[in-house]
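Here is a short briefing for a first look at a protein model. Keep the sequence and the 3D view at hand while reading.

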Amino acid sequence: MRALLTKVEQASGMDRAGDRLQRVVLSTLRPRRLRDLLHGVTLGHPLHPAMVQVPVGAWISAAVLDLMPGQRRPATVLVGLGTASAVPAAVTGLNDWAALSRDQRRVGLVHAAANTVGLGLYAGSLAARLSGRHGVGRTLGFLGLSAVSLGAYIGGHLAYKQGAQVNQSVSELHRISDGWHSLADMASLPQRALITREVDDVSVILYRHGDEVTVMLERCPHQSGPLGEGEVQEIDGHACVVCPWHGSAFRLNGGEVVQGPSGNDQQILPTRIQNGVLQTRLP
């Protein structure tokens, strides 16, 4: 499977279909507020992993009931619940997928294809059960569970090996040593401008507003974009840094994500001023 998924990552022949599908998704989900909602911006956490718990849980529970006598009706209800809830979960997944890099989108296509096959099998299972053909329904259900399990495996590869929609910046914290670190003289910091500094070779951005200074990890949690090269914009009454790569925006007074495709907040570091010198440390 490792070798196969590596080949999928490198399968540039999939890009033509993937690029076309990406354009369809972006044109269909055009309003930014809708895309942000589907990314999980309002939660500060990607929405898709939470949404898939409902269909997966329902389908696994139905499979358990199918192995027990006298459980046809509750198994049918669970298959129906899983099938219905899989549709909005798929929409959130497509929205996230459209914001990924090409190698991630290639694996994402296979992930989506496996889950689409599984959804089709479960729809057939539900139809068979409702028409009284429970044996066929159970068989299609087990086949569907096999397909979505394969899709889940590929989704795990996409998230944990390729880092899709996981926080790309938080690992930087493990490279910062304990204790307070000096960053800059307060007198040298300009007002309302992004300044880049390093803490133990970890890049951070500084933003001064009056006597308050924000220290934020510089790598964007979405795809490691350089926030230090981004713009400061006022969004919903808050000063925000906007990533120059994909447009994710984070509040400079708290790190909350206010605009996707990132579904994760950005890490803010505690600060203090000692003898006119700005210092920071691990949270």
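In which helix does Phe-142 lie? Phe-142 lies in helix α8. The model is predicted. A search of the whole structure finds nine salt bridges.

**Nonpolar surface patch**

- Val-56, Ile-60, Val-64, Leu-67, Met-68 and Phe-142 make a nonpolar surface patch of about 540 Å².
- Helix α5 (residues 53-66) gives the largest share of this patch, with three residues.
- Phe-142 is partly exposed, because its relative accessible area is 32%.

**Salt bridges between distant parts of the chain**

- Lys-161 forms a salt bridge with Glu-9, and their closest N and O atoms are 3.3 Å apart.
- This pair links helix α8, which holds Lys-161, to helix α1 (residues 2-9), which holds Glu-9; the two residues are 152 residues apart.
- Lys-161 is exposed at 53% relative accessible area, whereas Glu-9 is buried at 10%.
- Arg-105 and Asp-19 meet through their side chains in a salt bridge of 2.9 Å, N to O.
- Arg-105 is in helix α7 (residues 102-130) and Asp-19 in helix α2 (residues 15-28), so the pair ties together parts 86 residues apart in sequence.
- Arg-105 is buried at 8% relative accessibility, and Asp-19 is buried at 14%.
- A network of salt bridges links Asp-15, Asp-19, Arg-102, Arg-105 and Arg-106.

**Around the loop between α8 and β1**

- Arg-219 and Glu-172 form a side-chain salt bridge of 3.3 Å, N to O.
- Glu-172 sits in the loop between α8 and β1, and Arg-219 in the loop between β4 (212-217) and β5 (231-235); they are 47 residues apart.
- Arg-219 is partly exposed at 24%, while Glu-172 is buried at 7%.
- Ser-169 also lies in the loop between α8 and β1.
- Ser-169 counts as buried, because its relative accessibility is 0%.
- Beyond its sequence neighbours up to four places away, Ser-169 touches Leu-217, Arg-219, Cys-220, Pro-221 and Gln-266.

- Most residues other than glycine have a negative phi, and most peptide bonds are trans.
- Gln-165 has a positive phi of about 60°. Gln-165 lies in the loop between α8 (134-161) and β1 (181-185), and is buried at 11% relative accessible area.
- Asp-200 has a positive phi near 50°. Asp-200 lies in the loop between β2 (194-199) and β3 (202-209), and is partly exposed at 33%.
- Gly-260 and Pro-261 are joined by a cis peptide bond, with omega about 20°. Pro-261 lies in the loop between β8 (257-259) and β9 (268-269).

Methods
Residues numbered from 1 in each chain as written. Predicted model: local features only at pLDDT ≥ 70, side-chain atom pairs only at ≥ 80, totals over all residues. Heavy atoms only, no water. Helix = DSSP H or I, 4+ residues; strand = E, 2+ residues; numbered from the N terminus. Buried < 20%, exposed > 50% of the residue type's maximum accessible area, 1.4 Å probe, protein only. Contact = heavy atoms within 4.5 Å. Patch = residues over 30% accessible without salt bridge, like charges linked within 9 Å, V, L, I, M, F, W, Y side chains within 5 Å. Areas by Shrake-Rupley, 256 points an atom, 1.4 Å probe, with all protein chains shown as cover. Salt bridge = Lys/Arg side-chain N within 4 Å of Asp/Glu carboxyl O.
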